[in-house]
Protein chains: 2
Amino acid sequence: MAKRTGEKYEAIIDAAVRVIAKYGYHQAQVSRIAREANVADGTIYLYFANKDDVLISLFNEKMGQFISNASKALSEIESPVDQLRELIRLHFESLAADYQLAIVTQIELRQSKPEVRKEIGLILKRYLKVMDQVIEAGVEQGAFRDDFDVITARRMIFGTIDETVTSWIMKDCKYPLMDQVDPILDLLLNGFSR
Amino acid sequence: MAKRTGEKYEAIIDAAVRVIAKYGYHQAQVSRIAREANVADGTIYLYFANKDDVLISLFNEKMGQFISNASKALSEIESPVDQLRELIRLHFESLAADYQLAIVTQIELRQSKPEVRKEIGLILKRYLKVMDQVIEAGVEQGAFRDDFDVITARRMIFGTIDETVTSWIMKDCKYPLMDQVDPILDLLLNGFSR
DNA sequence: GGATGTTGAATGAATGGTCATTCATTTACG
DNA sequence: CGTAAATGAATGACCATTCATTCAACATCC
């Protein structure tokens with residue numbers, strides 16, 4: 001049991017994204033996901049240990065993909081400012097490209113049980129490390145100030161990006177998320193002060 | 001039914017905070033809240049329409065209180081920079097003062113059903129308006145730049161504060177949250193750039 | 001080549017546990 | 001007494017998970 005690959009494995013994960021995005025976390029019963037994947041209820045348990053495992057695997061697959069892409073893309077950029085811009089751009093781009101996934105990761109999965117959120121947190125940590133590296137490079141190369149705390153700065157970057165995406169979804173993605181990249185970069189770099 | 005005041009009304013809300021903080025949202029059954037409040041299960045339905053109503057009322061009572069305090073305090077400050085500092089300070093102070101409430105509003109209530117979260121969002125909006133006013137005053141008085149979007153800036157402030165509080169809770173409140181006020185204010189005002 | 005056997009994937013109806021909510025009854029108070 | 005407040009056992013709805021059964025594909029032998 002619990003194969004972790006195959007056509008149906010992916011079909012179930014993709015069905016879960018669609019069902020959760022459409023009906024919300026609390027209405028995403030196993031049987032509904034199964035129906036959406038054209039699979040019997042029991043089949044899900046041949047590929048996943050339980051319902052929680054479906055959700056964790058979903059996040060792991062999608063986020064893991066994104067972190068790999070982002071790491072690689074950033075490593076090919078020299079300038080810390082350009083790295084930061086690209087980080088924001090990639091983050092927004094990946095969610096704007098698949099707004100069902102955006103709803104699921106940004107809104108719905110945050111309603112999951114502690115055990116699930118704990119796993120999600122571990123996966124997210126890998127992304128936060130990438131952010132830290134960008135900031136540290138900027139400090140070392142002298143593009144950024146050296147008198148602030150990296151963790152505080154990273155929380156600011158992540159918090160700002162996260163809040164921006166969440167409001168974008170809450171407003172039904174009515175405006176282009178990508179338009180926010182440069183305004184945010186500007187404020188992060190230069191602050192509000194005149 | 002559904003009186004919205006009285007000794008037991010408050011006892012139930014406070015019990016809900018304690019139970020949710022201690023056992024988590026998903027283990028906060030009505031009967032457990034009732035027991036913690038020294039009240040019978042059915043009594044809760046004399047004061048609240050249903051379980052969701054307990055959660056919404058909880059947030060409304062606690063957050064409403066905070067917004068009133070903050071509005072008043074800020075109106076007595078002239079300098080926009082000082083207003084922003086005080087906003088951050090009050091936000092952190094109110095959560096550092098009652099870390100059970102912090103857990104509930106910051107972590108647990110975010111797992112609630114859509115209907116509950118919608119109500120919570122409405123209440124939060126009043127707070128976001130206060131933030132907007134602080135930013136607008138800063139722009140008008142020339143303390144802040146006038147070439148950024150107020151909404152973008154507010155998302156940055158709120159996102160940063162929110163993420164900071166969440167990590168503080170996730171790290172079991174091991175360091176003084178208040179220590180973060182000035183570093184955050186500095187980064188918001190001046191940015192990362194050298 | 002067709003009859004028969006074997007395997008494991010897939011099915012979906014049935015189960016069991018969990019709670020929110022109700023309401024018949026009791027208690028307290030004026 | 002009469003009324004309102006409080007009680008808590010009983011109810012019923014919901015849903016993840018199980019597992020006896022079916023099905024499909026391929027192998028083996030005459």
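**Figure 1. Ala49(A) in chain A of the predicted model.** At 52% relative accessibility, Ala49(A) counts as exposed; exposed means over 50% relative accessible area, buried under 20%, and partly exposed in between, with a 1.4 Å probe and protein chains only. This is a predicted model in which local features need pLDDT of at least 70 and side-chain atom pairs count only at pLDDT 80 or more, whereas totals for chains, interfaces and linings use all residues; side-chain values use heavy atoms, with hydrogens and water left out. Residues are numbered from 1 along each chain as its sequence is written, while chains are lettered from A and ligands numbered from 1 in the order in which they are written. Ala49(A) occupies the loop between helix 3 and helix 4 (51-75) of chain A. Pro80(A) is 31 residues from Ala49(A) along the chain, and the C-alpha atoms of the two are separated by 42 Å.

Figure 2. Chain A contains nine helices and zero strands. Helices (H or I, at least four residues) and strands (E, at least two) are DSSP runs, numbered from the N terminus. The C-alpha trace of chain A spans about 60 × 35 × 30 Å along its principal axes. Of its 194 residues, 52% count as buried. Among contacts (heavy atoms within 4.5 Å) in chain A between residues at least 6 apart in sequence, 71% join residues at least 24 apart. An unreviewed UniProt entry places the feature "domain: HTH tetR-type" at residues 6-66 of chain A; UniProt positions are given in the numbering used here, feature names are shortened, and annotations may be inferred rather than shown by experiment. Over residues 6-66, chain A is 77% helix and 0% strand, with the end C-alpha atoms 20 Å apart.

**Figure 3. The surface around DNA strand C.** Of the 13 residues around DNA strand C, the nearest are Ala40(A), Thr43(A), Val30(B), Tyr45(B) and Lys51(B); a residue is near a strand if one of its heavy atoms lies within 4 Å of it. Helix 3 (residues 41-47) of chain A gives the most to this surface, with five residues. By class, the surface near DNA strand C has six nonpolar, four polar and three charged residues. Here Ala, Val, Leu, Ile, Met, Phe, Trp, Tyr, Cys and Pro count as nonpolar, Asp, Glu, Lys and Arg as charged, and the others, Gly among them, as polar. Sugar or phosphate accounts for 80% of the atoms of DNA strand C within 4 Å of the protein, and bases for the rest.

**Figure 4. The surface around DNA strand D.** Tyr45(A), Lys51(A), Ala40(B), Thr43(B) and Tyr47(B) come nearest among the 13 residues around DNA strand D. Helix 3 (residues 41-47) of chain B gives the most to this surface, with five residues. Of the atoms of DNA strand D within 4 Å of the protein, 74% belong to sugar or phosphate, and the rest to bases. Two residues of chain A place a backbone N or O atom by a phosphate oxygen of DNA strand D: Val30(A) at 3.0 Å and Lys51(A) at 2.8 Å. In chain B, a backbone N or O atom of Gly42(B) lies 3.2 Å from a base nitrogen of DNA strand D.

**Figure 5. Two loop residues with positive phi.** Most residues other than glycine have a negative phi. Asp172(A), which is not glycine, has a positive phi near 60°. Asp172(A) lies in the loop between helix 8 (150-170) and helix 9 (181-190) of chain A and is exposed, with a relative accessible area of 55%. Asn38(B), also not a glycine, has a positive phi of about 55°. The loop between helix 2 (30-36) and helix 3 of chain B holds Asn38(B), which counts as exposed at 69% relative accessibility.

Figure 6. A rotation of 180° with 0.0 Å of shift along its axis superposes chain A on chain B, with an RMSD of 0.0 Å; the superposition is by least squares on the C-alpha atoms of residues with pLDDT of at least 70 in both. The two copies are therefore related as by a two-fold rotation axis. The same surface serves both copies, as 100% of the contact residues of chain A recur in chain B. Ser167(B) belongs to helix 8 (residues 150-170) of chain B and counts as buried at 12% relative accessibility. Apart from its neighbours within four places in sequence, Ser167(B) is in contact with Arg155(A) and Tyr175(B).

Definitions and conventions
A polar contact is a pair of N or O atoms within 3.5 Å; within protein, one must be able to donate a hydrogen and the other to accept it, and residues adjacent in sequence count only if both atoms are side-chain atoms.
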